[in-house]
Amino acid sequence: MPNPRQRRSNLHKRQLRHRKRQKLIEPTPQQKEKIFRFKREGQFGIAMRDRGVQDRTLKDTNDAHNKNFRKITEELSRAFPGETLNVVLEGNGDSSFGYELNRGRDGTTKVNVIRTDISPSSPVEHNIFPEELAKKIPANSAHLVVSTFGGVTYTKVSQEKAIANIIHILKPGGIASIATAETFEFTRGRQVDKYDLWRIEQRFRNITINEKHIGKGEKKVVTVLAIRKLH
């Protein structure tokens, strides 16, 4: 059994880890100003149109991630019996993915879809950058987070903080799937920097991250990050 000195030391270490995680999650004052400026000037309206969000379907999203999200929600429903699944669609835009995810269910899997997007013209619940997810969505509340060439790809603020926010809102036992791409369009997107990913793994020891390259297209190189929160 730890003695009082060891308990104090362990508590101090936990507090340090918590502060480091919070620093990774919370945007700096300069980043907050950048987010405010982007929103005020509406710089992401073109980005949404260029990345083809308007007509993205459930099948398109499944193909982009190389996953079956209806099957994933059914598996999560069995893992969390009696709970309504909170599914956060980051960078949803006008996509029909959330509507199709709920359509035709037999009632055994209940899904609450929460949509976010960086464009003020998007019909979503939260007009926020991925770096602001922790401000609007409670910690440890999302069973599934899906980002398909959304804010994580296109943000000019911090991809590191964007992914840290996704992990922060993810429920223990939950899953996040983030499709990022190097695009060569006017609104240039980018994949997650390897050093950023390493820092995230160091700060969040209760996650697993699998990185998969889906393939190369004419305009984009796709990498999918599959994150599971363990506890």
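**Cavities and salt bridges**

In this predicted model, the largest cavity is lined by Arg56, Thr61, Leu89, Glu90, Gly91, Asn92, Ser95, Phe97, Val146, Ser147 and Thr148. Two elements give two or more residues each to that lining: strand E1 (85-90) and strand E4 (142-148). E4 hands over the largest share, three residues. Sorted by class, the lining comes out as three nonpolar, six polar and two charged residues. The volume of this cavity is about 70 Å³.

A search of the whole structure turns up two cavities of 30 Å³ or more.

Now for the salt bridges, of which the structure holds eight. One of them pairs Lys59 with Asp63, with the closest N and O atoms 2.8 Å apart. Both residues sit in helix H4 (residues 58-65), four residues apart, or about one turn of the helix. Lys59 is exposed at 55% relative accessible area, while Asp63 is partly exposed at 45%.

Glu83 and Lys171 also form a salt bridge, at 3.8 Å from N to O. This pair ties together distant parts of the chain, 88 residues apart: Glu83 is in the loop between helix H5 (69-79) and E1, and Lys171 is in strand E5 (residues 170-183). Lys171 counts as buried because its relative accessibility, 19%, is under 20%, whereas Glu83, at 32%, is partly exposed.

A further bridge joins Lys135 and Glu132 (3.9 Å, N to O). Lys135 is exposed at 61%, but Glu132 is buried at 8%. Through shared partners, salt bridges join Lys39, Glu132 and Lys135 into one network.

Conventions:
Residues are numbered from 1 along each chain as its sequence is written. This is a predicted model: local features need pLDDT of at least 70, side-chain atom pairs count only at pLDDT 80 or more; totals for chains, interfaces and linings use all residues. Side-chain values use heavy atoms; hydrogens and water are left out. On a 1 Å grid over the protein atoms alone, a cavity is a set of points where a 1.4 Å probe fits but cannot get out, and a pocket is an open set with protein on both sides within 12 Å along at least five of seven lines; lining residues have an atom within 4 Å of a point. Grid points are joined across faces, edges and corners, and a volume is the space filled by probe spheres set on the points. Ala, Val, Leu, Ile, Met, Phe, Trp, Tyr, Cys and Pro count as nonpolar, Asp, Glu, Lys and Arg as charged, and the others, Gly among them, as polar. A salt bridge is a side-chain nitrogen of Lys or Arg within 4 Å of a carboxyl oxygen of Asp or Glu. Buried means under 20% relative accessible area, exposed over 50%, partly exposed in between (1.4 Å probe, protein chains only).
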